[in-house]
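Please keep the sequence and the model in view while reading.

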Amino acid sequence: MAAMRGGGRVRLGTLQAAQAYVVAALRRELAAPVLVITGEAGRAHRLSEELAAWSGDEGAVAVFAEADALPYERISWDSATRLQRLNALVKLSGGSPVIVVTSARALASRLADPSAFKGSI
């Protein structure tokens with residue numbers, strides 16, 4: 001816990017059934033943003049629902065959704081996907097202890113510079 005309180009990064013391995021409980025407890029204990037990365041988008045959505053139940057505050061959990069289109073496809077993203085991503089970024093930039101759940105593929109997409117994003121909201 002001391003490494004986490006100091007702002008360090010820690011990788012935790014838990015049983016899948018206990019993940020939501022452990023992450024919600026960490027958020028409560030640390031009072032800091034928590035990023036959870038899953039292997040696939042479906043797992044990220046299921047875990048976000050479990051986290052909302054364990055944290056007792058649905059507003060404290062955000063999904064950073066992955067794009068519907070593959071990187072080489074020239075189609076626009078779904079508006080719901082864009083809204084989920086923006087919602088997660090706004091919550092993170094607010095400084096409140098939020099849990100952001102995402103997939104590895106969603107993190108691979110390019111984002112605006114944090115200072116430029118924060119200046120535009």
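## Basis of the model

The model is predicted: local features need pLDDT of at least 70 and side-chain atom pairs count only at pLDDT 80 or more, whereas totals for chains, interfaces and linings use all residues. Residues are numbered from 1 along each chain as its sequence is written, and side-chain values use heavy atoms, with hydrogens and water left out.

## The sheet

An open sheet is formed by 3 strands in the order β1-β3-β2, with parallel pairing. Strands (E, at least two residues) and helices (H or I, at least four) are DSSP runs numbered from the N terminus, and two strands pair if DSSP finds at least two bridges between them. At the edges are β1 (34–38) and β2 (61–64), each of which pairs on one side only. On average, neighbouring strands of this sheet are turned by 20° against each other, direction ignored.

Strand β3 (residues 99–103) pairs with β2 in the parallel sense over 4 bridges. The bridge partner of Val61 in β3 is Ile99, while Ala62 stands opposite Val100 in β3. From β2, Val61 and Val63 point one way and Ala62 and Phe64 the other way; all are buried (under 20% relative accessible area, with exposed over 50% and partly exposed in between, for a 1.4 Å probe and protein chains only).

## Helices on the sheet

Helix α3 lies across β1, β2 and β3 and runs at about 165° to β3. Helix α4 (residues 79–93) also packs on the sheet, where it touches β2 and β3, and its direction makes about 130° with that of β2. Such angles run from 0 to 180 degrees between N-to-C directions, and axes are lines fitted to C-alpha atoms, for helices over the stretch in contact.

## The crossing of α2 and α3

The axes of helix α2 (residues 19–30) and helix α3 (residues 41–55) come within 9 Å and cross at roughly 55°. The two helices are therefore oblique to each other (under 35 degrees is roughly parallel, over 145 roughly antiparallel, 65 to 115 roughly perpendicular and the rest oblique). Contact, meaning heavy atoms within 4.5 Å, involves residues including Tyr21 and Arg27 of α2 and Leu47 and Trp54 of α3.

## Thr81 in helix α4

Thr81 has its place in helix α4 and is buried, with a relative accessible area of 6%. Not counting residues up to four places away in sequence, Thr81 touches Ala65, Glu66, Ala67 and Asp68.
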